[in-house]
Amino acid sequence: MRSTGLIITYSLFLIGALAAPVKEANLDGLPSVNVNAAGLKADISAAELKVLPSAFTSQLNGGSLNLAKAGSALTPSDAKSLAKDLGSNASAQQLQTLGGQALKGLSAQDVKQLAAWGSKYNGQQLISFAKAVPQYVPSSKIKQVGSQVSQKATIQNVRAVGNFVGKNFNGADAKQVASYLAKNFNSADLKAGASFAATHINAASARTLAKSLGSQVTSNDLAAVAKWGTSNFNRADVNSAAAFLAKNVKPNDVRAAAKAAGQKLNTDDVRGLVSYAAKHYNAATVKSAATWAKTNIKSTDLKAVGSWAKANFNANDARAVANYAQTKITRADVTNVANYVAKNVKPADVRKYASQYSGKINANNAKTAATFVYANTKPEYIAGAAKFAAKNVKSSDVKSVVNYVRANYNMNDAKAVQSFVTKTFTPQQIQSALTSLVQATNAQDVRSAATFAAKNVNPADVKTAVNYLGKQYQYSTIKNAAGNTKAYIPTAQLKTLATQVGHTLSNQDVIAVANYIGKNVSPQELQSMESYAGMQDAGMLSNIKTLSQYMPVSKVLLLTAELHKFYPSRNLKSLAQEALANI
């Protein structure tokens, strides 16, 4: 009887134990990090406070909350209920204040502890957590919080965060984070993130924030970031980043990003970025970046990038970029870029880098680049570039360039360029390249170029250049130099092109050429040139006969007759009749 009672008692206890709900495990394992939770209790609804464990709510009275202790007091269900209550009842301002206070109180060690704890979760788990957030906080409220944060973002806050990172985290920390991201997120995740940002970030708001902060970021801020980066990352890091990008970023991703940027960014945004860079990056900054690149980037890297681009992008991509630039870039933009280059790029810099890189360019890689460009460049591209130049380049620009070159470069520089060309390429290679260029040029191209030159090249500048050469060299020297270039010049093709041009000239064209020469070259200047070249009547007769090889005789006679009006003492009309009598 006694044993039966024990059995019944035990059985009832067992049934009760099995029937009772299984106690949910607490959120043990959270890092022992203290966060500022002042105001959290006031933001939780009274109804929620009643159902939350007292072991947790008692911790809210001190204003500081230890995550490890809080986790030991809460179950996952408690945490979800608390999150839903805050998300539903707290305003966007309250949520933003809570988050801001919690972040402000964290030390570098706290951040590292949280990161170490978070690394236990893989990429898919983190994505699931992120997707679940709208279940607790409405999307509209999340946007409100984001908008408030962007409005309150000041340069002082950004600078404080930058100083905090620079002071407390080194390259090893950054690499650890990068390694985690690379292992746990793939190209699909990157696209999803980019798509989310493109959908939810308002272009106007982003533009306002960028302008607000950008106008206050100083050169010293940028220099500090650059110094931290170059101090903590080396060649191996560049390789790792490149490998990740090559694996996860495909050509179509680049095209999609470019298309999205083109739609979201207006011309003034691009100008703002360029203007900002010009303001904060001077010659010293550019040289510093070049020095870092020289140390860490090899010629094989450039070849690898070139090969990747060649394999994955085509002429249509280049055309899209060119069309965008052509329609968006104005005369003022060209002027600003030119002024920046003139201010920051010195002749000594050009000579230095030309000397350094001339040894790395050989005939093979130059030929590869030239072949690629030639294969993907169509006449309409050149025509488009020419129209853009005609629209935005003025005669004053040509004069400025000439004056700049004349003031900063001398014949030694010209000889250095000539030496590089002749050492790197054989006469046959140069002639072959020039042949392709000449064959791709037609009579209309020549006429258009001549018209552009006539409108934009000041005759006074031409005379200055001629006078300079005349003082530096005797005619025989120039003649000999010209003779030495015969091996490089595609003479037959040039003659063919000259003949095409000569036979397309109308009487009006011939008269226009004669008028241009007559108005811009005085009789005294013509005589001076003839004296310099030692040209007598016999020489003039020879020149007229040569001209008749490329123009109909009637056009040659018309040209000399028109020129005769400006230079009657030269008797060009009679010389032409004599030269052409037997033709």
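Author: Let us begin with V337, which is found in helix α22; helices here are DSSP runs of H or I with at least four residues, strands are E runs of at least two, and both are numbered from the N terminus. This is a predicted model, in which local features need pLDDT of at least 70 and side-chain atom pairs count only at pLDDT 80 or more, while totals for chains, interfaces and linings use all residues. Residues are numbered from 1 along each chain as its sequence is written, and side-chain values use heavy atoms, with hydrogens and water left out.

Reader: Is V337 buried or exposed, or in between?

Author: V337 is partly exposed, with a relative accessible area of 47%, where buried means under 20%, exposed means over 50% and partly exposed lies in between, using a 1.4 Å probe and protein chains only.

Reader: Which helices each supply at least two residues of it?

Author: Those are α18 (267–280) and α22 (331–344).

Reader: Changing topic, how many salt bridges are there?

Author: The structure holds 12 salt bridges, each being a side-chain nitrogen of Lys or Arg within 4 Å of a carboxyl oxygen of Asp or Glu. One of them pairs D173 with K112 at 3.7 Å, N to O, and this pair links distant parts of the chain, with D173 in helix α12 (residues 171–184) and K112 in helix α8 (residues 108–118), 61 residues apart.

Reader: How accessible are D173 and K112?

Author: D173 counts as buried because its relative accessibility is 17%, whereas K112 is partly exposed, with a relative accessible area of 31%.

Reader: What about R235, which partner does its side chain meet?

Author: The side chain of R235 meets that of D301 in a salt bridge of 2.4 Å, N to O. Here too distant parts of the chain are linked, since R235 sits in helix α16 (residues 235–248) and D301 in helix α20 (residues 299–312), 66 residues apart. D301, at 19% relative accessibility, counts as buried.

Reader: And D317?

Author: D317 forms a salt bridge with R255, and their closest N and O atoms are 2.7 Å apart. That pair connects helix α21 (residues 315–328), which holds D317, with helix α17, which holds R255, across 62 residues. D317 counts as buried at 17% relative accessibility, while R255 is partly exposed at 27%.

Reader: What else sits in α17, say D253, and what does D253 touch beyond its neighbours in sequence?

Author: D253 lies in helix α17 (residues 251–264) and is buried, with a relative accessible area of 19%. Leaving aside neighbours within four places in sequence, D253 is in contact with K191 and N248, contact meaning heavy atoms within 4.5 Å.

Reader: Last one, why does the span of α29 agree with expectation?

Author: The 14 residues of helix α29 (residues 443–456) should span 20 Å at 1.5 Å a residue, and the end C-alpha atoms are 20 Å apart, so the two agree; the expected span is 1.5 Å times one less than the number of residues.
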